[in-house]
Amino acid sequence: MTQDNEQHDAPSSLFSTLEDDRAKKLNNLIARAMRLLGQRDHGEAELRRKLLTPPQPFSRPSSYKARQNPDARRQATPKEPEEICPDQVEQVIAYCYEHHWLDDAKFAERYIAGRSNRGLGAQRIRSELTQKGVDKEVITEALENCEVDWCTKAYELATHKFGQPLPTEWKEKSKVLRYLLYRGFFQEEIQSIYRDFED
């Protein structure tokens, strides 16, 4: 009788295998999130998108002998990517927030600082952050609180590209205008380089 009770109390091997498999997948997702966040900052939406995309299994390049042998080619079947559970991705996102690895406001601040140092204007940076899934209010607040002088950035970029003094002839001036618009500066900032930085 005690043997029957012990058998009923013990979890079935199928159940424990399913739990172990679920825990393993969750740990793999956390490790993947840590790798992605270790490479560079990510916003929540961008990290979620990357975690929901199954990683491509690694396959070794075929050697010369394997390429010459058609039987070896037929035997090599590519592995199917593992299925990712959206609930587990949400758990990983929550785990990242809990450990302060993920913060859209800080991500936006650092992204603005990095991209402005590479010569991009607020308009282009706003567009890039929107594409990365950062909330518009977070972007607006980060741009308002950043200490970047966009007019000075536009002037430095224009003088670096076109030399000093800046061209005043309409044809050359329009090249400066198009260049700075492409880099994401607003019309007022571009006009200020001629108005406010004249010697």
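Helices α10 and α12 are roughly perpendicular to each other, a word used here for angles of 65 to 115 degrees, with under 35 counting as roughly parallel, over 145 as roughly antiparallel and the rest as oblique. What I am showing is a predicted model, in which local features need pLDDT of at least 70 and side-chain atom pairs count only at pLDDT 80 or more, while totals for chains, interfaces and linings use all residues. Residues are numbered from 1 along each chain as its sequence is written, and side-chain values use heavy atoms, with hydrogens and water left out.

To return to that pair, the axes of α10 (residues 150-162) and α12 (residues 187-195) come within 9 Å and cross at roughly 65 degrees. The helices are DSSP runs of H or I with at least four residues, strands being runs of E with at least two, numbered from the N terminus; the axes are lines fitted to C-alpha atoms over the stretch in contact, with angles from 0 to 180 degrees between N-to-C directions. On the α10 side the contact (heavy atoms within 4.5 Å) involves Trp150, Cys151, Ala154, Tyr155 and Ala158, and on the α12 side Glu189, Ser192 and Ile193.

Which helices pack at an angle of about 135 degrees? They are α7 (residues 104-117) and α8 (residues 122-131), whose axes lie 10 Å apart, and that angle makes α7 oblique to α8. Their crossing is right-handed, and among the residues that meet are Phe107 and Tyr111 of α7 and Ile125 and Leu129 of α8.

Turning to charges, the whole structure has 9 salt bridges, each a side-chain nitrogen of Lys or Arg within 4 Å of a carboxyl oxygen of Asp or Glu.

Two backbone details remain, and as background, most residues other than glycine have a negative phi, and most peptide bonds are trans. Gln164 and Pro165 are joined by a cis peptide bond, with omega about 0 degrees, and Pro165 is in the loop between α10 and α11 (170-182). His100, in the loop between α6 (86-98) and α7, has a positive phi near 60 degrees.

How values were computed: Left-handed = near helix turned anticlockwise from the far one by under 90°.
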